Amino acid sequence: MRYWGSLALAMMLSVPAWGFTSAKLDIDTEELKSQADEVVEVNLDGKALEQGSKLLAVRSGISDSFKSLLGGIKGIYRLTYRFTLGNPYEEDAIKNLHRQMTDGGWAPMIDVQNRKENTGLTVYSYTSEDDTQNGITVISNDPSEITVLNLVGDVDLEALATVGETLGMPVMSIATTELGEPVVPLPPAPEDK
Amino acid sequence: MDQYELELKRALERCGPGSDFTARVMSQIRSERSLAADETSKKIASFPRWRSGVWRWAAVGAVAASLTLGFVVDQRRSEHRARIAEAELYETLLLAGEKISQARAEVIGVRYEGGAQ
C-alpha cells in the first residue's frame, strides 16, 4: 500500500514536467522533408540558447521587453521547407501538420487562411493543466514555403509581436536566410555604443 | 699397449693447474669487470642528456604550450558557436514576431472589415 502511495506521489510530482516537455514540438515532418528542395532547421536549447541569449541581451538597442522575452524562452526550434514553384508540396501535408498539432494538445489561438493566395498562418498555444502557457507554435505556409516555429517556455506574445512590428521587414526576406549566415543584421555590439 | 691406448692414457693423465693459474683467473676477472664498468658508464653518459634541465624545461614548455593552444582553440570554437546561436536566436525570434504581428494584423483587419460592412 505504501509503495502505491509513493508511486502516486511520484506521478503527481512529475505531471508538470510532462506538460513542459510536451511544449517541445514532436511532429513527423519526414514527408515534407522528402518533398522539399531546401530545408532549414534551427534547434536551440540548453547551453547554446543560454549563450546566444546572453550575447543578444547585451547588444545595444535591445528593449527590456525583448530581454524579458529572452529570459522566458527555454527552447526555440524552427523548420523551414522550401519548394520550387514547379514542385509544390501536397495539400495533405499541411492538413497533416495541423492534425498532429491538435492531436498533441495544442490549441489554435489565431488562424488566418487565404484560399485565393493559398497562404495560411496559424498560432498555437500549449497550456499545462494548471493553466500556465508552456509554449507557442506558429505554422505558416505559402505556395513556396512552409515554416514551423516552436517556442518553448513562458512566451510573452505581446513582446514578440512588438519585435515583429518594430522590425517592419517582409517575412520572406527573413525566411530566405541561410542557416548560419543571417541576412537580418544583428543589433550593434555593446562596444559599438 | 698399442699407440691408441698410449694416446688415451696421455689424454686422461692428471695434470696440475700451473703456477700462474691464480694470476690468470684474477686477470680475467679484472678485464671482465672493467668491460662491464665501461658499458655502464656509456649508458649513464647518454641518460643524463634527457634528464638534464634543458630537456626537462623544454618538455614542460611543450606541454604548457599545447595546453594553452588547446584552451585557446576551445574558447574560439565556443565563442563561434555562441555567435551562431545568437544569430539564429535573433533571426528566429524576429521571424516569429513578424508572423505573430502579421496574424494579429490580419485578425484586426478582418474584424474591422466585418464591422464596416
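Two strands count as paired if DSSP finds at least two bridges between them. The views below come from a predicted model.

**View 1. Strand 4 and strand 5 of chain A form a hairpin.** L121(A) stands opposite S140(A), which lies in strand 5 of chain A. Strand 5 covers residues 133-142, and its pairing with strand 4 is antiparallel, over eight bridges. Five residues separate the two strands. In the turn, D131(A) has a positive phi of about 70°.

**View 2. Strand 3 and strand 4 of chain A make a hairpin with four residues between the strands.** Strand 3 spans residues 107-114 and strand 4 spans residues 119-127. Seven bridges join them in the antiparallel sense. I110(A) has V123(A), in strand 4, as its bridge partner. N118(A) takes a positive phi near 55° in this hairpin.

View 3. Helix 4 of chain A runs over residues 64-72. F66(A), L69(A) and L70(A) are buried.

**View 4. The largest nonpolar core has 48 residues.** Those with the most contacts inside this core include V138(A), L151(A) and L160(A) from chain A. L89(B), A96(B) and I100(B) are also among them. Helix 3 of chain B, residues 53-116, supplies the largest share of the core, with ten residues.

**View 5. L151(A) touches residues of chain A and A96(B).** Leaving aside residues up to four places away in sequence, the partners of L151(A) in chain A are I73(A), I76(A), G135(A) and I136(A). A96(B) is its partner from chain B. Both L151(A) and A96(B) are among the residues with the most contacts inside the largest nonpolar core.

**View 6. Chain A and chain B meet in a contact of 35 residues from chain A and 26 residues from chain B.** On the chain B side, 13 of the residues are nonpolar. Nine are charged and four are polar.

**View 7. Chain A has seven helices and six strands.** From the N terminus on, its elements run α-α-β-α-α-β-α-β-β-β-β-α-α. Chain A has 193 residues, and 30% of them count as buried. Among contacts in chain A with a separation of 6 or more, 65% join residues 24 or more positions apart.

Terms used:
Residues are numbered from 1 along each chain as its sequence is written. Chains are lettered from A and ligands numbered from 1 in the order in which they are written. This is a predicted model: local features need pLDDT of at least 70, side-chain atom pairs count only at pLDDT 80 or more; totals for chains, interfaces and linings use all residues. A nonpolar core is a set of buried Ala, Val, Leu, Ile, Met, Phe, Trp, Tyr and Cys residues joined through C-beta atoms within 7 Å. A residue is buried if 20 or more other C-beta atoms lie within 10 Å of its own, exposed if 12 or fewer, and partly exposed in between; C-beta atoms are placed from the backbone. Two residues are in contact if their C-beta atoms, placed from the backbone, lie within 7 Å. Ala, Val, Leu, Ile, Met, Phe, Trp, Tyr, Cys and Pro count as nonpolar, Asp, Glu, Lys and Arg as charged, and the others, Gly among them, as polar.
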